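These are my notebook entries on one protein model, written while I looked up its parts one after another.

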Amino acid sequence: MSSLSSLLFLAFCLSLLFLGSNSKDDDRTTYIVYMGSHPKDRGSTRAHHERMLGEAIGSSFAPRSLLHSYKRSFNGFVAKLTEEEVQKVSEMKGVISVFPNGKKQLHTTRSWDFMGLSQQVSRVPSVESDIIVGVLDTGIWPDSPSFLDEGYGPPPPKWKGSCEASLNFSCNNKIIGARSYRTSGNYAIGDIQGPIDSNGHGTHTASTVAGGLVRQASMLGLGTGTARGGVPSARIASYKICWSDGCPEADILAAFDDAIADGVDIISLSVGGHTPNNYFNDSIAIGAFHAMKNGILTSMSAGNDGWKPFTIRNFSPWSLSVAASTTDRRFLSKVQLGDGRSFNGVTINTFDLNGTQYPLVYAGNIPNVTAGFNGSVSRFCTRNSVDRDLVKGKIVLCDHFVSPKKTIFLEGAIGIIMQDNNPKDLSSPFPLPASHLGTQEGALIFSYANLTSLPTATILKSTEGKYKATPFVASFSSRGPNPITPDILKPDLSGPGVEILAAWTPLGPPSGAKEDTRQLLFNIISGTSMACPHATAVAAYVKSFHPSWSPAALKSALMTTAFPMRAELNPEAEFAYGSGHINPLSAVNPGLIYNATEIDYVRFLCGQGYSTKLVQQVSGDNSSCSRGNFDLVFDLNYPSFALSTPISTSISQVYRRRVTNVGSANSTYNAIVSGPSGLKITVNPSVLWFKALGEELSFEVTIEGSISSSIASASLVWDDGHHKVKSPIVVFDPNTF
């Protein structure tokens, strides 16, 4: 055989080998292998993970299959595996769980004043400036005026992180760290690699927590005032985990791994999934557990899946789950018809048509018949259903809310008027003049548009208005009960999450629509994503007064001092707002705290049926789930009380709790219980006498009787005349939701 023939034969063989290996790779998908805490005798290394993979899938495939190793704060790795290989790996020694690398989704001039946290409140600047907030989000825009570092010294000595600097990104003494994560190595078209924020969400949340003071901030004139974070002196460490196609769980865990080791004090995470998962099959719950284990509180958004029950997506007991509620400010976008009538709708409309009247057309009258649509479909302004030639230069009336990102199908229109029965507590920016009204006003506009020979309308720039009764939980905010552990009340509390003005990136369209060419430094958006950083900031504010407090102590302070909220404004009651609306000033001095440590959560996990082997791997110690060494869910030292039980069933349930005195050295607290008829709630002892700060006393709460409706709300207040330590008590029938 000639040398040329030999080379061709060798190339052919290699190509077959390559194609075979590629075929096998095509059968693999990305999984996260979680292995708990680091083994005490050695750290987790990439080499160790490769050896493990080699045993399961063969040593030749292991290096290419292994995508990432978690080795700083906990043990685990990310790998491409077939279903058969997943089964093999899951049975290996030391593996707790193997789950797909799914994708989570991204879930202020007025809000801080609304809560009483004015610019003049008492602060501890030297401590606050040493607090590092880790923000896991879409990155950050470093050139925002909210992140200037004038007057800041170098990062605190505890900081062990780094800055992923580049030609378009650098850190300073305000943004002291920035990293980005993309375990797959594949980027969507338009994504900018590195920690720079091209979306806006991460910049918005980071500035809500710790943005500096920016006077005369506004969104093109809307919401004008001083924009600031709740802890404006704190430092920011940004961890970019979200991209245009979502937030991969492997990257979320990688960010937790780094943030914990970097030395952050609090983690803020406005991200969540669409389906509930058990605690150790969920990247966020896993990361938050290891953060708690290292003394770091994780504050998380409850989710934006609406008012239906069991929709909350971040609910682990060792984290803080935050619902979204209103402030007293709202934005109204008025529609004026050619006959002089006007109607107030809701959107964030920065466009000014100067009162000019434009032709008004009903979408149901202009279907895209070429594409096969008729008026019964086009009236909803769904994708490609409206004839684009007939909307040009006109204002379109649609019979349903249209996402700002989908108005591209109305290209050429002057504006859009939407009418439906959906709640009107969510105002969104649009890439064109827009207003969202109810069906009553919509019917009048519909009649005018169809009975007038030349109907016209205009949409005015938004103006500020007031809610008559506030705060109330937004309709989009996810509700409890807790889908995994119903007897732990979730969400924990609510915070401002509706129409929040904060910093933005000029790289991200403010409406999210690609055709939106406005470049802004501030934007007004809504979501539990906006509520979460408010709670994060309050926790950081409390920590600046009490640097040694545990994550559970911080959480307790926020929950037991929350403002009560009204069930008549929130039919889902505590499953909408938890303990109530966050109250920053009172949280600094709560009087008593319900503390909990890793041991308490391990005992809770044992009580939930987790094995000794698993909790030892998770905790990295010799914890045991032997008899007498576990707690029922009712004994977890949580600041709220929940009980799931069928209606009309006789109940008798005891809760055991401990409170630590952080108020006055010599103090006496009396138990005050309120509740509905049908329930008998007793506290033993009903009086707690404290003789020293830091003293811990125990008590029991017993609930007896039955409920006659789906939710029965009660409360326990410990009162010493100066502090009112409030805990909600909720008895409910989960089968009636």
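The entries below go from a single residue to strands, cavities, sheets and helices.

**Entry 1: ground rules**

I note that this is a predicted model, in which local features need pLDDT of at least 70 and side-chain atom pairs count only at pLDDT 80 or more, while totals for chains, interfaces and linings use all residues. Residues are numbered from 1 along each chain as its sequence is written, and side-chain values use heavy atoms, with hydrogens and water left out.

**Entry 2: M35**

I looked up M35 and found it in the loop between β1 (29–34) and α2 (46–57). Helices (H or I, at least four residues) and strands (E, at least two) are DSSP runs, numbered from the N terminus. Is M35 buried or exposed? M35 is buried, with a relative accessible area of 6%, where buried means under 20%, exposed over 50% and partly exposed in between (1.4 Å probe, protein chains only). I then listed what M35 touches, leaving aside its neighbours within four places in sequence, and among the residues in contact are H48, H49, M52, F77, I96 and Q617; contact means heavy atoms within 4.5 Å. I also checked K71, which is 36 residues from M35 along the chain, and the C-alpha atoms of the two are separated by 11 Å.

**Entry 3: strand β15**

Strand β15 covers residues 320–325, and six of its six residues are buried. In a regular strand the side chains alternate between the two faces of the sheet.

Which strands does β15 pair with? Strand β14 (residues 297–301) runs parallel to β15 and is joined to it by three bridges, and S301 has V322 as its bridge partner. Strand β24 (residues 493–496) also pairs with β15 in the parallel sense, over four bridges, with S325 standing opposite P496. Two strands count as paired if DSSP finds at least two bridges between them.

**Entry 4: two cavities**

A cavity is a set of points, on a 1 Å grid over the protein atoms alone, where a 1.4 Å probe fits but cannot get out, and its lining residues have an atom within 4 Å of a point. The largest cavity holds about 70 Å³ of space; its volume is the space filled by probe spheres set on the points, which are joined across faces, edges and corners. Its lining includes N277, Y279, D282, M300, R313 and F315, and I count the lining as it divides into five nonpolar, four polar and two charged residues. Ala, Val, Leu, Ile, Met, Phe, Trp, Tyr, Cys and Pro count as nonpolar, Asp, Glu, Lys and Arg as charged, and the others, Gly among them, as polar.

The second largest cavity holds about 50 Å³, and D487, F634, F641, Y655 and R657 are among the residues that line it. The elements giving two or more residues to this lining are β28 (641–644) and β29 (651–661). Nine of its lining residues are nonpolar, one is polar and two are charged.

**Entry 5: two open sheets**

I followed β28 into an open sheet of five strands, ordered β28-β35-β34-β30-β32, with mixed pairing. β28 and β32 (687–690) stand at the edges, each with a single partner strand, so one side of each is left without a neighbour in the sheet. Within this sheet, β34 (residues 711–719) and β35 (residues 724–732) run antiparallel and are joined by nine bridges, with L716 opposite S727.

I then followed β29 into an open sheet of four strands, ordered β27-β29-β33-β31, with antiparallel pairing. Here β27 (592–593) and β31 (679–684) stand at the edges. β29 pairs with β33 (residues 696–705) over ten bridges, and Y655, which also lines the second largest cavity, stands opposite V701.

Helix α17 (residues 598–607) is largely enclosed by the rest of the structure, because seven of its ten residues are buried. Those buried residues include Y601, F604 and L605, and the buried set packs against α9 (283–293), α14 (551–560), α18 (612–619) and β29. Just after α17, G609 takes a positive phi of about 100 degrees.

Helix α7 (residues 201–210) has ten of its ten residues buried, among them H201, H204 and V209.

Note on methods. 1 Å grid on protein atoms, 1.4 Å probe; cavity = no way out; pocket = protein on both sides within 12 Å on 5 of 7 lines; lining within 4 Å.
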